[in-house]
Amino acid sequence: RKRLTITAMKKMKQERNAISVVTAYDYPSAKLAEEAGIDVILVGDSLGNVVLGYDTTIPVTIDDIVYHTRAVARGAQHTFIVADMPFMTYGIGRESTLRNAAKIMQEGGAQAVKLEGGADIAEDVAALVKAGIPVMGHIGLTPQSVHQLGGYKVQGKLDQEAERLLQDAKALEEAGAFSIVLELVTEPLATLISESLSIPVIGIGAGRGCDGQVLVYHDILQYASPYFEKKFVKTYADIGSTIRHAIESYVADVKTGAFPGEEHSFQAQAKPAAVDSL
Ligand code: KIV
Ligand code: NA
């Protein structure tokens, strides 16, 4: 199968062919997502929450992202991979921003980067695009700004806020972003933004009117994620219980001696010389 391109994604929007995106953070998750036919994999900085156990995405470093992106790239060699630029690795001067994005692509092996922010980072986006780096925007609830936003709440409920989000989306498109993520935005506003842009809008907690959807791997699988009970998440499996039960059975087998059995054991014919001297 062939890796999707940003042109193909734009065409999918025109043809109302929904784009499916899931996060992945390592070789097995990426391999399974690719085998399942996912369109795009996002190495989200949500790995800070669901893989590294932090409360927010703020502690995630560029090295964390590069390390996880490399594993994902090995697991999904035919899937378009977007990787998040972590907190404070962009918007801190043009040269640093470019170098950090380049690192994610060259060392990590991503095909594109994602940045949080709207009009305020549009110049950075334009510079990255000019340098040949495909950029995905991310507006609405932007977790790297959680302390500034005052919590994880739905964005765009007030007229003024909604107007700003629409302007941010347009600014990102004008700056050359190939797509944007809209997180935790009311359905009417997300639909309006999707209809106002020619680039694909990927929603998470943004309702039915977007051009595609993204969810976090650990959330949809109930894989030790603290977030799978969120309203906007649909769970498709209970991997957490499956794993816990499997390990409980293993522990019990070790305690009772049911494992290892004869079939797991190697019967040596040879007798060590030392045995004779016992
Ligand atoms: O880090 C992440 O997983 C994300 C998605 C939720 C869009 O940014
Ligand atoms: Na993210």
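Q: Which residue in strand 7 stands opposite L182?

A: G203 does. Bear in mind that this is a predicted model.

Q: How many bridges join strand 6 to strand 7, and do they run parallel or antiparallel?

A: Four bridges join them, and the two strands run parallel. Strand 6 covers residues 179-183, and strand 7 covers residues 201-204.

Q: What do strand 6, helix 9 and strand 7 make together?

A: A right-handed β-α-β unit. Helix 9 is residues 187-196.

Q: What about the other partner, how many bridges join strand 7 to strand 8?

A: Two, and that pair is parallel as well. Strand 8 is residues 212-215. Within that pairing, I202 stands opposite G212.

Q: Are the faces of strand 7 covered or open?

A: Both faces are covered. V201 and G203 are buried on one side. I202 and I204 are buried on the other.

Q: Zoom out. What do the eight strands close into, and in what order?

A: A barrel, in the order 1-2-3-4-5-6-7-8, with parallel pairing. The twist from one strand to the next averages 25°.

Q: Take the start of that order. How many bridges pair strand 1 with strand 2?

A: Three, in the parallel sense. Strand 1 is residues 19-23 and strand 2 is residues 40-43. V21 stands opposite V40 there.

Q: Switching to annotations. Which residue does the UniProt "active site" label cover?

A: E183, according to the UniProt record, which is an unreviewed entry. E183 lies in strand 6.

Q: Why does E183 count as buried?

A: Because 23 other C-beta atoms lie within 10 Å of E183, and the cut-off for buried is 20 or more.

Q: And which residues is E183 in contact with, leaving aside neighbours within four places in sequence?

A: H138, G140, L141, I204, G205 and A206. One of these, I204, also belongs to the buried set in strand 7.

Q: Now I65. Where is it?

A: In helix 4, which is residues 62-75.

Q: Is I65 buried or exposed?

A: Buried, because I65 has 28 C-beta neighbours inside 10 Å.

Q: Which residues does I65 touch, not counting those up to four places away?

A: V43, D45, V60, A83, D84, P86, I104 and G108.

Q: What separates the C-alpha atoms of I65 and G48?

A: 9.5 Å, with the two residues 17 apart along the chain.

Q: Back to the whole chain. How many helices and strands does it have?

A: Twelve helices and eight strands. The chain has 278 residues, and 44% of them count as buried.

Q: What does the C-alpha trace span?

A: About 85 × 40 × 40 Å along the principal axes.

Q: Which domains does the assignment give?

A: Domain 1 is 6-239 and domain 2 is 242-276. Their C-alpha centres lie 45 Å apart. Strand 6 (residues 179-183) and strand 7 (residues 201-204) fall within the bounds of domain 1.

Q: Last one. What share of the contacts with a separation of 6 or more comes from residues 24 or more positions apart?

A: 58% of them.

Note on methods. Residues numbered from 1 in each chain as written. Chains lettered and ligands numbered in written order. Predicted model: local features only at pLDDT ≥ 70, side-chain atom pairs only at ≥ 80, totals over all residues. Buried ≥ 20, exposed ≤ 12 C-beta atoms within 10 Å, placed from the backbone. Pairing = 2+ DSSP bridges. Right-handed = clockwise from strand over helix to strand, strands pointing away. UniProt positions renumbered as here; feature names shortened; annotations may be inferred. Contact = placed C-beta atoms within 7 Å. Domains from an automatic or database assignment. Axes fitted to C-alpha atoms, helices over the stretch in contact; angles between N-to-C directions.
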